[in-house]
Amino acid sequence: VSSALVNVPPRARRGEVIEIKTLISHPMETGYRRNQLGARIPRDIIRLFVCTYNGTEVFRAELHPAIAANPFLVFSTVATESGTIAFQWTGDNGLSATESAAIVVD
Amino acid sequence: LSGHGARLLGASALTLLAWTASAGEIPPAERRSGYDFMSRETRAMQDDDTVNPGMLGVLEGGTLWARKTGTAGRACADCHGDGRASMKGVAARYPAFDAALKRPVNLEQRINLCRTERQQAPALAYESRELLALTAFVARQSRGVPIDVAVDARTKPFIDNGRAAFYPRAQSRSSTMAAPRSTGVRASSTLPAASVTTRTGASGWPATRSPRRIRRAIRSTVSNGRASARSSAGCATAWSGSAPSRTSTARPSSSSSSCF
């Protein structure tokens, strides 16, 4: 079970550059490790992170093995209109986690 | 100076303990939080809830709080309601005395008591992800609340025991040797080989680290109920001193120190 923390400023002025922080809990198994019997431990990572702003993609990150457990991503975008900023993480073992935050743009 | 005294008067270590306890205690005004010792980066991470990975545990704990579990089919929330309100200040009172067990329990133990008694669910393993998450969630509701552990007639003996175990940490091994006896585990009548070589520094047993290792060994001995018969577990047998394993207590220091 993944749980995610997102931080989006609740209010912003139109045209303002806002910083968005996301942190998701995920154990990360690189796929490079072997168990005590020598068998490879299957990879379990988050492959893709996508952030959409009222349906428009504003940020995307492809993740690869051995980047981070609990990946913490910070990025910025321009506050254009009031609405919803949605986040989606997808990965191995059918992982699909979503989170969203509302923003009011004056 | 106090360390010197303890070493010289190892035989009367117990009477000395009371003295060193008061002498070694840091006045309340000079006590510093672990926060003061963190680097600037770590502090910044801890100060920002959206960056602090510990908050993931709090988040998960909040989910677990509402999840029904056990044969009773009850969630924490079914008895305690919204944890964000009902758990305010609770963690600051722990460890708290449990009347049924007649000893103090910490927050994790309290959660597990709730699980086994109210939810009729198996106790969670100490330091397991779930127990850490629930504990973090409960403790989060006491942020900023001063620690308020009750010091009364019931808890006093335990606090005194803790003080006696805490303060001789950096002293000679002769005083820490009192610990196994007072916890009801019979210490070996002869010192294990490892402790003799400590003085020479050859066995890689820094004196400051050994009490924790001793406690771990005691814990494993106690949890086994008796001395482990496995000679490979030299760490457990070395300190148990009970009859069946006495032959194995004279193990070379290298094997004892490697498994601690």
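## Chain A: surface and fold

Chain A has an accessible surface of about 5,900 Å², and carbon and sulfur atoms account for 50% of that area. The model is a predicted one.

The secondary structure of chain A consists of eight strands and zero helices. Read from the N terminus, the order of elements is β-β-β-β-β-β-β-β. Of the 106 residues in chain A, 38% are buried. Among contacts in chain A with a separation of 6 or more, 57% join residues 24 or more positions apart.

## Cavities

Rolling a probe the size of a water molecule over the atoms shows where empty space is left. The structure contains two cavities of 30 Å³ or more. The largest cavity has a volume of about 80 Å³.

Which residues line the largest cavity? The lining is made up of H26(A), M28(A), I45(A), I46(A), L63(A), H64(A), A66(A), I67(A), A68(A) and P71(A). By class, the lining of the largest cavity comprises eight nonpolar residues, two polar residues and no charged residues.

## S142 in chain B

In chain B, S142(B) lies in the loop between α8 (129-140) and α9 (156-166). Is S142(B) buried or exposed? S142(B) counts as buried because its relative accessibility is 8%, and the cut-off for buried is under 20%.

Leaving aside residues up to four places away in sequence, S142(B) is in contact with M87(B), K88(B), G89(B), V90(B), A91(B) and A92(B).

Technical notes:
Residues numbered from 1 in each chain as written. Chains lettered and ligands numbered in written order. Predicted model: local features only at pLDDT ≥ 70, side-chain atom pairs only at ≥ 80, totals over all residues. Heavy atoms only, no water. Helix = DSSP H or I, 4+ residues; strand = E, 2+ residues; numbered from the N terminus. Buried < 20%, exposed > 50% of the residue type's maximum accessible area, 1.4 Å probe, protein only. Contact = heavy atoms within 4.5 Å. 1 Å grid on protein atoms, 1.4 Å probe; cavity = no way out; pocket = protein on both sides within 12 Å on 5 of 7 lines; lining within 4 Å. Points joined across faces, edges and corners; volume = space filled by probe spheres on them. Nonpolar A, V, L, I, M, F, W, Y, C, P; charged D, E, K, R; others polar. Areas by Shrake-Rupley, 256 points an atom, 1.4 Å probe, with all protein chains shown as cover.
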